[in-house]
Every structure is written in C-alpha cells, then in structure tokens.
Amino acid sequence: MNTVRDNLLAIKSKIQKITEKCERDPNTIELIAVSKTKPVDLIKQAIDAGQLSFGENYVQEGVEKIQHFKQNLPNTPLTWHFIGPLQSNKSKLVAEHFDWMHTIDRFKIAQRLNDQRPTSMAKLNVLIQVNISHEASKSGILPDQVADLTKQILTLPNLKLRGLMAIPEIENDFDKQLHVFTKMQELLNSLQSDYPFMDTLSMGMSNDMKAAIVAGSTMVRIGTAIFGARQYL
Ligand SMILES: *Cc1c(COP(=O)(O)O)cnc(C)c1O
C-alpha cells in the first residue's frame, strides 16, 4: 500500500508536470490536503512529509483536529481551510478556528463570520462559491450574482475576500472539465480589473486537477489521491 508520503510526492510531481506543459509556475498552485473523515495520525503523516495546508468539510470534526494539532504541534504553522457547506448556527466555530472559508454563498453567512471573527486573529480569508455548472442540487451562487456579493463582502472589515471557488458537476471528459473551469477563470479575471487583490481560484479535485490547473487554478483540493478512499459511517 502507498503511504501518505508517497501519495503526496506523486501529486506534487503530477502538478509539476502539468505546470510544465501549460507553462505555469508550480509555486503559484497551493496543494490543500482534504482530510475530512481521516484520523489525526494520517494527517500527522502528511505533516511529517511537509504538508501544512489542510481542508475540512465538517465543522466539529475540523475544530477537533485544529485543537489537537495546536496542542500537540504548537510550533508547526498549519493552515486550515473550511471547504464544506456551512449552516448559520455553526459559523462561529469556523470564525474562531479556521484560516480560510471557501464556501461563502450568501451575504448573511459572510456577515456572521465577520461579526464572529475574533479581532485578535488575522482576517478570515474567504472565497465566494460559484455554482458554475448551474446544478440545481449544488450550493454556490450563479455567476451573474458574483459581482454584487463581492461588493457586499468588501464592506466587512474582518474578512479578506481572496477569490472564487467551485465544485463543478462530476465530469470525466477533459475538454468538458476545461470548458467549465475556464468560465471560472474568466469570472475571476473580470473581477480582478476592479479588485486586483483577488488572487485565488480554488478548483480541482483528485479527478479533475489537470484541467483545473490548465485553466488557472491556484488552489487544488485533493483528498482521495493523498489519503485513500473515504469510508462514511
Ligand atoms: C471532499 C472534497 C474534496 C476532495 O475530493 P477528492 O475527490 O477526494 O480529491 C475537495 N473539495 C471539496 C469541496 C470536497 O468536499
């Protein structure tokens, strides 16, 4: 069986190869290890292999892991990304513990996170989640609503709006993946003319990382290819 270290090395060399092909600097792509449902000992293996950024989908589980590593590895500068859907009544835990929040899809949740972010902490980095495949079942806002939500979020002093995030409909054809991710890149480009500090495109998972990077992703969120398949109880 491959170890977490082997898997991380394989992903990094894959990112390296993709960026060579599309002439991007590999250092402009951050690898987020998605550790949802995975135990702290596997996360520790990733940390020992040099991985410092992690993504979690469930608030309580994520906070427990953050606290675990704060106690056990107080000098290791880990970065925690909340990447799951967020209910209003759990926003306080995200505001108090995470460094990034990827799934802002309404002003109300942004306002709550802003009000609940302790002023002793750095601003919470946030991304607007875009429903780029126009899926009825998916969360995120439609592309034509992004400009308005951007303006609203920029009034909130404890949040730092960094860009956009998407989880497109599952699609195995590369050209179709690329088509959807390119729409995200165009959307971010259009915002950057007014807001050049928006520098982040969070897109790309284990099965569509290549198309995401070719289309300009700056954060890939990889779970299965690092930690193995997830088992849900
Ligand atoms: C689970 C999850 C991932 C990781 O998916 P894999 O297919 O395991 O790489 C990435 N992003 C989000 C939002 C997720 O929920």
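A pocket here is an open set of points, on a 1 Å grid over the protein atoms alone, with protein on both sides within 12 Å along at least five of seven lines; its lining residues have an atom within 4 Å of a point. Volume means the space filled by probe spheres set on the points, which are joined across faces, edges and corners.

You're looking at a predicted model, where local features need pLDDT of at least 70 and side-chain atom pairs count only at pLDDT 80 or more, while totals for chains, interfaces and linings use all residues. Numbering runs from 1 along each chain as its sequence is written, and side-chain values use heavy atoms, with hydrogens and water left out.

Start with the largest pocket, which holds about 410 Å³ of space. Select K36, I167, M205, R221 and R230: of the 24 lining residues, these lie nearest its centre.

One is 2.5 Å from an N or O atom in the side chain of S206; for N57, the corresponding distance is 2.7 Å. Click R230 too, where a polar side-chain atom lies 2.8 Å from a ligand oxygen.

Next stop: the second largest pocket, with a volume of about 210 Å³. Its lining includes I66, F69, W80, H97 and M121.

How values were computed: Polar contact = N/O pair within 3.5 Å; in protein donor to acceptor, adjacent residues only side chain to side chain. 1 Å grid on protein atoms, 1.4 Å probe; cavity = no way out; pocket = protein on both sides within 12 Å on 5 of 7 lines; lining within 4 Å.
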